[in-house]
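Thanks for asking me to look this one over. My notes on helix packing, the chain interface and charge pairs follow.

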Amino acid sequence: MELNWSYLLIVPLAVGALVLALFIVWWERRLLGWWQDRLGPNRVGPFGVLQALADMVKLLTKDDWLPPFGDRVFFIMAPAIVVGSMLMAFVIVPFGPGLHVTDSNIAILFFLAMSSLAVYGVLLGGLSSNNKYAMLGGLRAGAQMLTYEVFMGLSLMGVVIHAGSFSLVDIVESQRGMWYVLPQCVGFFIFLIAGLAESHRLPFDLPEAEHELTAGFHTEYSGMKFGLIMAGEYLAMMLTSALVVTLFFGGWLGPSFLPPVVWFALKTALVINFFILLRAAIPRPRYDQLMSLGWKVLLPLSLVNLLVTGAIALAAAD
Amino acid sequence: MELTLFYIAAAVAIAAAALVVTRLNAAHALVWLVVALLAIAVIFFLLGAPFAAALEIVIYAGAIVVLFLFVVMMLNLGRRSITRERLWLEPGMWIGPAILTAILFGEMIFLIASSDTGDAGSPIGPKAVGEALFGQYLLAVELAAMLLLAALVGAYHLGRRYLRDRREEAS
């Protein structure tokens, strides 16, 4: 078997993504502090940048408690599933021309598959804790992620029709004329909302709503297992941002005074900041509001979007 | 290389399927079912059907079994169901299913031995699957859609009665 050099990317990608997730936690806290007119973590190192390391040391040295009343195997498996499935999905993200681990004809489906496997981490975490808050949080997470998965996939089909391929490299290349955010603006908004709900971040963090469920599905988690669940959440946010950029904002494409990878990183950072801004700006909806928004508004909207895009593509083909 | 991978995936699928049947805890059985489905997805991929492999994970592992697990969590069966499962899995239980499976297995061996099964063929991309589904097999797709619609309406009907009761309680 010939050696594929792009596989060398795997280790730096996995390590880099985890370290970056750690620093995004600090960055988020600083930005939230700035937007909410307070300081945020600014004591450790310049601008508090080493706060991320301090947090990691704290998580690693904390007592890692296993609930004696729960299901041990599932309890240990759940954080690994959350992080594992998210890291797997990074495999298909094209960071620059030729700079991807793998590109296949089913790249988008692979991303959807991995994000749907991530549900198991949350569900099993809630189930194995054997605690009513964790159970309720797990049930909420399961229903929410299943609901939003449905039209997350549908909202991307417009882009697939435009590009004529499921391959992310082909999709980026076909955006040389125009970014898909213009012809697919409906799909873009639906994907943004669905991505937010899939990564269950505020304002859609109902699975872990702290005022009603203590900490939801990860109530019983402590130490590094809790750290892994948090890392999984930030990885999901990074992945969603990277995919928003790849699918709707031309990926690595940009004026040639900067290298393509830098364009990709800048755009992704912008989307991540937008996600953080959403967290600071929008209150959490009620759970039934979240569900009816999904099934009654976003699902029909994404179907209509698909229908119109398909009709236009058919008319243009003739 | 591909043959080795196929045998590994097939062995994982069979072992996981056996564990699905014999586990007493329903949640454990479901997680083994997910493992079996993932192994089958690998087999699809090796046979040159990447689209079917991806859909196997998205639909079966990612949605349907999640719903099963969801129901198991909602019912929260606990220890009582484990003792009941143990009663159901007593040795005499295995005779009937074992005979039926043996017949099927014999048929399969006969078919494989008597006919030329051919090779795996060429890889089939998403476009070819779409063309087959919405061209040649359009009628079957529409019939399946009608069946699913009936299930949807039925579920809505059952849920509506519950909601009406709730509303009367509230008022």
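A crossing is left-handed if the near helix is turned anticlockwise from the far one by less than a right angle, and right-handed if clockwise. This is a predicted model, in which local features need pLDDT of at least 70 and side-chain atom pairs count only at pLDDT 80 or more, while totals for chains, interfaces and linings use all residues. Residues are numbered from 1 along each chain as its sequence is written, chains are lettered from A in the order in which they are written, and side-chain values use heavy atoms, without hydrogens or water.

1. Let me begin with helix α5 (residues 132-163) and helix α7 (residues 185-198) of chain A, whose axes come within 9 Å and cross at roughly 150 degrees. Here helices are DSSP runs (H or I, at least four residues), numbered from the N terminus; axes are lines fitted to C-alpha atoms over the stretch in contact, with angles from 0 to 180 degrees between N-to-C directions. That angle makes α5(A) roughly antiparallel to α7(A) (over 145 degrees; under 35 is roughly parallel, 65 to 115 roughly perpendicular and the rest oblique). The crossing of α5(A) past α7(A) is left-handed. The contact of α5(A) with α7(A) divides into 10 nonpolar, 4 polar and 2 charged residues, where Ala, Val, Leu, Ile, Met, Phe, Trp, Tyr, Cys and Pro count as nonpolar, Asp, Glu, Lys and Arg as charged, and the others, Gly among them, as polar.

2. Next, helix α3 (residues 72-89) and helix α9 (residues 223-248) of chain A pack at about 25 degrees, with axes 9 Å apart. α3(A) is therefore roughly parallel to α9(A). Contributors include F75(A), P79(A) and M86(A) from α3(A), and L228(A), G232(A) and L239(A) from α9(A). The tally for this contact of α3(A) with α9(A) is 13 nonpolar, 1 polar and 1 charged.

3. How do α1 and α2 of chain A cross, left-handed or right-handed? The crossing of α1(A) past α2(A) is right-handed. Helix α1 (residues 10-35) and helix α2 (residues 51-61) of chain A have axes within 8 Å, crossing at roughly 120 degrees, so α1(A) and α2(A) are oblique to each other. W26(A) and R29(A) of α1(A) are among the contact residues, as are D55(A) and M56(A) of α2(A).

4. On the interface, chain A and chain B bury about 2,100 Å², 85% of it on carbon and sulfur atoms (the accessible area, 1.4 Å probe, that two parts lose on being put together, summed over both). Chain A gives 25 residues to the contact and chain B 27 residues.

5. E28(A) pairs with R279(A), their closest N and O atoms being 3.1 Å apart. Because E28(A) lies in α1 and R279(A) in α10 (residues 260-281) of chain A, this pair ties together parts 251 residues apart in sequence.

Terms used. Helices (H or I, at least four residues) and strands (E, at least two) are DSSP runs, numbered from the N terminus. Contact means heavy atoms within 4.5 Å. A salt bridge is a side-chain nitrogen of Lys or Arg within 4 Å of a carboxyl oxygen of Asp or Glu.
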